[in-house]
Structures are given as structure tokens and as C-alpha cells.
Amino acid sequence: MSKTIQDSIRYSIQQPSVLLTDQEGHFLTIAYLVNPGFEKTGLNTTKEDVDWLLNQGYRVVILDYNHHSKAISPHINQDIIALNDAIASGEFCSLKDCSILQSYVLFDGYRIKRNIPYVKDDPTVYNCPDQYTVGDSLRMDIIYPANPKTPVPVVLSFSYSNSYATYDEEKGMLTAANQNKRTFLPYTFAGFDDSLLEGAPAAGMAWAIADHPKYCPWGSGKPLAGKNDTYKSYQTNPDAAKKVKAAIRTLRAKGADLGLSEKIGIYGFSRGSTAGALAIGDRHVPAFENAGWYREISDAVQAAVLGPGVFDYTQIYGHQNDGDENLESRCPWAWGNLADNREQWETMGATYLIKSSATPPVFLFYNTSDAPYYADQITVLTQKLDSLHIPHFVLKDYGSGHSVPKRTQDLGLIYRFLEENLK
């Protein structure tokens, strides 16, 4: 049953000759939405694109909307939410063995390029685990139009699920158990019913999702010879900023051959918002520029949609008992006390990088029922944007607690903002 069209959807399951599996042995599955209520972006036939996916090793579940007038953006997002919830719960179209690490919802006319490396991690930044001494590659997935009539813009997100190196005590070796967790459904799309990225093709855009720059379990990480879990619940620069810039350059370089335009928007929520916000500023910091490939390519973005995150670490002591106690107690372990090291603290957040009106337009969203420090951080960021006359919009109380916009009217506002600034 479709929540979008309030009727049943006819589906078929097509199996490749050799199935792709994730680290846990589950099958990479594509929910492929065909014949929606809008014109497809690509010029290929549906069969051509489905056959391509099958040849890559994906199991493809084709859901046919029969050109229903309601199967359009942003109404179709309600079905995207339902599909991800079904895959995560093991109840998707009678399939119980779908990967919850790397399964995707794609629209007719789109293909996927998966696990593209964008930077090599430096193991000495977070020092976790101790046995991790040779850096892994951080990677991204790009969902792009196949053979489009015209190039389309792309929305890039930094995951709010962390990939990281894992040492198996029984095997006595590092394993890939927690690599490529950027689309781990219980922590991302299904965990928060987040449909904005996967719904972007219905609004005429492509999307990409990159590993979060903190390549470490979110509650762990320490400087060399530092205290255990110094970096509990936060990232550090220059490492994070370098990786964000490297991801944007890689996406722009790869996009030229994937039917993407030069226009890139950022979307971020929670730790993904803290990371993604580092992309919007125009201040040039040499220490933030020397990572990844394609350094000759611009890392500028043209718009950003940012949810609750941390944008200025110097503001964390503004109120007591407001939810950022981990930051209050542990940031000084990494950067020294704020009073004596304020300049270094400033370089850790996105507001420092916002220098002039060259910063792109920003759409911000948060709930006042979320942890209070998020509202403080949004306020600090909007004040900085105001001071430089940078266009911005704030969507407040679209839901409750730590959540993303899910209502049709709110998603419509975000897509319109992206379309106005990326098309």
C-alpha cells in the first residue's frame, strides 16, 4: 500500500546473476520507483537502467506508480519513508535479507556510483582503535541521472552515521565490519525517517552521501597521548574541514561524467550538519586545503540546508544544563581552556569560515523542543549571516525533538529553496 497515492502498488523483483552483499552477507537492494507522476530525467528506457543495475549485482524491486498524479515531489517522500522503514525492519516486499547498510531508493532514470574514495584518513587524529595505523579511505555514494537531457544539480550530505576502523580481538586483525556505514538505515534514513536526499530526484536533482569526516565511533577518539574519549560527540579541525572540502572537490570532478551540473548544495542534520556547515564559508585557511585529490577544482557550494548542529564551539558555555555537557567538559582536553585559546576554538566551527557575503544562501531548521543548545547554535549562526547580509531562512518547530522535516509542506519549502539556488 502506498501512503502517497492511497492505493496498492504493483511490484516485481528482479535478481541479478551474482548478488552484491554487504559485510554482513545481506543483499544490496534497490527500490526502483518507475512511472511516477512527473517526466523522468534520463533518456534511457526503464529496461536499460534496470538491466544496468542488475549487471552491477543489485537486486532490483520495481514499484510501478502508473503515472499517478500524486506520485510527485514532495508527496512521494511519504513512500520513501515507508520503504526505508520496511527495508530496515526486514519486511520489504516479503524480502527479509536486504542490506540495511547499503540499500537505496532510486527513481526511474537514475543510477548509482558507490564507494567512491574522496580522502585518505589520518589515523593519528582520533587514534581509535590503537591498532589502526594505516589510514582507510573515506567514501561517498553518488545517485545520478542516466543519460539526462540536461545536467542536473546535486545535493551532498555528510552522514550522521559514522564509518570507522574496527579491530577484531578474536581474529587479531583489523576488519571492514564498520566501513561504508554512511547509509546505515537504523542511524540514518529509517532511524529518523529522513527522505530529503532520496526524494531529490523527484525535484529534478541528484544526490550524494559521504562518510562523516570523523572516521571513528561518535563517542570515542583522542589526541596523541591524550585522554580517552576526548573527542566524545564532536569532531576537530583542520581534519574535518579538509575532508569536507575534499568531498566537494571529488563530487564536482566525478560529476562532470555523470550528468551533473557544477551546482552543489549541502544538506546536513545533527553531526552531519556540524560537518556540512564547514562547506559554506568563504574564508581561505591554508591548513584546511591540503587533503584529498582534485585540489585544483573549486570546493564552493551554492546553497546549504542545515539542521541542528554545532557551528561555534566558543558558545557552548552560554547556558548550563542545556545538553552540551560533553562539549563543555571535553573540548578543553583537546584545545586548552577557552579563555587562553579562543582563536583556536574559533577555527573549529563553521561561523569562523563565514567571512563575507560570498557565502551561499542557507536554509536552517530546528525544533525548540530539541536540546536547548541547538537553538543557541542556530541563533549564533543566523546572527553571523545577518551581519553579512547573507540570505537565509529558518524553519522552526516542524516536529518535535531531534528530528528532520517530514511534512509535505516543509519538504516543499526546502526543495523550492534548493531549486531556486541550484537550478
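Buried means under 20% relative accessible area, exposed means over 50%, and partly exposed is anything in between, using a 1.4 Å probe and protein chains only. Helices (H or I, at least four residues) and strands (E, at least two) are DSSP runs, numbered from the N terminus. This is a predicted model, where local features need pLDDT of at least 70, side-chain atom pairs count only at pLDDT 80 or more, and totals for chains, interfaces and linings use all residues. Residues are numbered from 1 along each chain as its sequence is written, and side-chain values use heavy atoms, with hydrogens and water left out.

**View 1. Ser94 has a positive phi**. Its phi is near 70°, and Ser94 is not a glycine. Look for Ser94 in the loop that links helix 2 and strand 4 (104-107). Ser94 counts as exposed because its relative accessible area is 62%.

**View 2. His67 has a positive phi too**. Here phi is near 60°, again in a residue other than glycine. Most residues other than glycine have a negative phi, and most peptide bonds are trans. You'll find His67 in the loop between strand 3 and helix 2. With 55% relative accessibility, His67 is classed as exposed.

View 3. Pro74 sits in the loop between strand 3 (59-64) and helix 2 (77-89).

**View 4. Asn237 and Pro238 are joined by a cis peptide bond**. This time omega is about 10°. Pro238 belongs to the loop between strand 10 (206-210) and helix 4 (239-255).
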